[in-house]
Amino acid sequence: MPCEKQPRFLILYGSQKGQAQSIAEGIADEAAEHGLVAEISCLSRHEEYRLERESAPVVFIVSTTGDGEPPDTTLKFVKTIRAKTLPSDFLKNLQYTLLALGDTNYANFCNCGKTIDKRLQELGANHFYATGHADDGTGLEVVLDPWIEGVWDAIKAALSKMSSSSHPPLKETLSDMTKENPAPTSPPHVELNRLSLADNKTQDSIKAPFDSDSKLTLGGLPSTEVTGLSSESDVAAAKSAQEAQTDQVREECVVAEPSLTYSLPPLSQSSLNVPALPPPYLEVTLLLEDKAEKFNSSLHTETFYEVPVTNAVQMTRGDSVKKALLLELDISAHPTMTYMPGDSFDVLCPNRASEVDAVLLRLGLQDQKHQRVQLAVRRDTQKRGAQTPPHVPDNCTVQYLLTWCLEIRSVPKKAFLRALVDCAGDSGQKRRLQELCSKQGSADYNRFIRDSSLCLPELLTEFSSCTPPLSLLIEHLPKLQPRPYSAASSTLRHPGRLRFIFTVVELPACPGRPEGRRGLCSGWLADLVAPVLVCPGTDESSCDWVDAEGPERLLRQRGTFHAPTDPTAPLIMVGPGTGLAPFLGFLQQREIERRDSPEVAFGETWLFFGCRHKDGDYLFREELEGFVSSGTLTHLKLCFSRDAAPPPACPRYVQHNLRLHSQRVSRLLLRHDARLYVCGDARNMAKDVNDTLMEMVRAELQLDQLGAMKTLAALREEKRYLQDIWG
């Protein structure tokens, strides 16, 4: 008899920075262990799939970017399925499931995934497994891991039903799934804690504490081995002795806390379910100088520009909790590089030299850092669709690779930790890495790695016996991403110049990080301009600009957050701290437009600004007060959260100030076509402002909660409620 062909399914992903693609590839790599063949494709490669003709189950993995926007790779797909000419039964044969990636710190959580999901349903497609919404704000793994565990049985059940019938409605076919591991069917958009988990046959089972390779009990201490005993009395005596030793250790460790490198029961004594080992797929060869081809070190020359930093000023007082800097860039040499107030741009920065050196030292490559790297796909790899990473240039040096290409500051994913297990020489450290990447160790992973933003150099410092090969880093570390900043100027006020403000990010010390560290880009920029930085005293007006010509930055412009084109539309701006940046450009532009068009009746403008201390963090105080004096800014509403408030108490945060002026702001927004802009912290401020707006809308229009939510959603859809926020 001929060999039976393995059943197939299709994976389609839409990714902006590689997260969705990485998850899709991981599922594809694991498919063979379940007796399945996975075909994988990016949604942008529309010539590789035809959904209306697809006869196998389809798994979608899609992320969301910006203010709920589709990733660039999904734009054409979304446009295609949104076509109004498509009949309602266009995808009636499609059986699919979808995993949406998002971040609840942003208003439009998983918006791209939800949009695709809804449209597929409208075109007649059916779920064979519940949609998952993975939240990067709380940890993708919380939803991702159980969703993937359950998807395998769902795929097999869907394949079975599709092969034995002519695609009946899925609500009928799912009723026959195995009772031991049912997949959720209704409603299709259930939360993942309602998904039942599949069996663990596909995962490695790591026993503890008596594995030959893993003999940890309390606090990482070795357990007593019970071997070579011949009688029951010998066994009993040995067991008694071991229990006594364990009790003694337990007493000594009663106040012990788990750490990055040590665990406590029950985790230290648990059998572990760890992810499958990702298949290696790269072969790395280091070439001597005379064998290497010429390497062009320029990056992204088609979209990035090298520009000098001409001025740098510290905007906050020296004793402020956060240090805010204003930088001015000279863009006059690049006439094509234009921007509008509210545009943001990306700064591409290198990894810190000290961290690169630490990684080179651990990998034993410090003497080879100037050798060229040649990459090739391994002939024996089991990774489907393996290819060399496009963000690694041909023949770049090892040092260049680690400095400009790989995000060594990224938080290691569980798959990376699983790969590092086999690179650890110490059995205790090997066991702990297994725990951190296991299902049972998820809480420790979140506490010691994810929540602490621990990175590879810090991890390697703590796990001293772990020496991964360079190929492993290239396979698992993502591309070094540029950091976005908002323009804080208008070209009408500052022709040929681009200004931006940023706070120097400080990450505190934590387990695995004995000393705090600065954010990658903000710390690098601060160090770069330190020799020429103007540090203001208590009187900002006494600060003169100094020439800082010389330092050069790589940047590209991108626009999403613009003032209304209708000058008569009221403008409401909410921007505490450095969230003020785009509104400076708005106001500079409007001031000049008002001067040049005195006959135009400009709409009123509101700015809600807040900071900690009036005398320490009040950014651009004189300029803002100047806007009020000129009539450009109609209402400047301030709050200072750490200053003592005289009676009656002043508002502490911007949302409190909004509430104080609720009636006037609500009527402008709901009855006078005003535009509302929010810029700043997504994790707290933007959520609180959104909740306050919900209350204001409810009160103004006499709506219930659902009605208020729909009203705000409509404002977003009309681009009258815009956010430029970051987590």
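A polar contact is a pair of N or O atoms within 3.5 Å. The views below come from a predicted model.

**View 1. Gln314 and the backbone of Thr316.** Gln314 belongs to strand β10, which covers residues 305–314. The side chain of Gln314 reaches the backbone oxygen of Thr316 at 3.0 Å. With a relative accessible area of 7%, Gln314 falls under the 20% cut-off and therefore counts as buried.

**View 2. Glu435 and its contacts.** Helix α10 (residues 427–437) contains Glu435. The relative accessible area of Glu435 is 0%, so the residue is buried. Its side chain makes a polar contact with the side chain of Ser263, at 2.9 Å. Leaving aside residues up to four places away in sequence, Glu435 touches Ser263, Leu267, Ser268, Leu272 and Gly441.

**View 3. Two aromatic pairs.** The whole structure holds 17 aromatic pairs. One of them joins Phe583 and Phe586, which are edge-to-face, with 5.6 Å from centre to centre and 65° between the planes. Both residues lie in helix α15 (residues 581–596), 3 residues apart, about one turn of the helix. An α-helix has 3.6 residues a turn, so residues three or four places apart point the same way. Phe583 and Phe586 are both buried. Trp606 and Phe608 form a stacked pair, with 6.0 Å between the centres and 15° between the planes. Trp606 is buried, at a relative accessible area of 0%, and Phe608 is buried as well, also at 0%.

**View 4. An aromatic cluster.** Tyr49, Phe60, Phe77 and Tyr96 together form one aromatic cluster.

**View 5. Lysines over tyrosine rings.** The charged end of Lys383 sits over the ring of Tyr281, 5.2 Å from the ring centre. Lys414 lies over the face of Tyr445, and here the distance to the ring centre is 5.4 Å.

**View 6. Helix α20 and what covers it.** Helix α20 runs over residues 705–717 and has 13 residues. From first C-alpha to last, α20 reaches 18 Å, close to the 18 Å expected at 1.5 Å a residue. The buried residues in α20 are Gly707, Ala708, Thr711, Leu712, Leu715 and Arg716. Their cover includes α18 (662–671), α19 (682–701) and β23 (721–726). After α20 comes Lys719, which has a positive phi, near 60°.

Definitions and conventions
Residues numbered from 1 in each chain as written. Predicted model: local features only at pLDDT ≥ 70, side-chain atom pairs only at ≥ 80, totals over all residues. Heavy atoms only, no water. Helix = DSSP H or I, 4+ residues; strand = E, 2+ residues; numbered from the N terminus. Expected span 1.5 Å × (residues − 1). Buried < 20%, exposed > 50% of the residue type's maximum accessible area, 1.4 Å probe, protein only. Contact = heavy atoms within 4.5 Å. Polar contact = N/O pair within 3.5 Å; in protein donor to acceptor, adjacent residues only side chain to side chain. Phe/Tyr/Trp six-rings, centres within 6.5 Å; stacked < 30°, edge-to-face > 60°. Lys NZ or Arg CZ within 6 Å of the ring centre and 35° of its normal.
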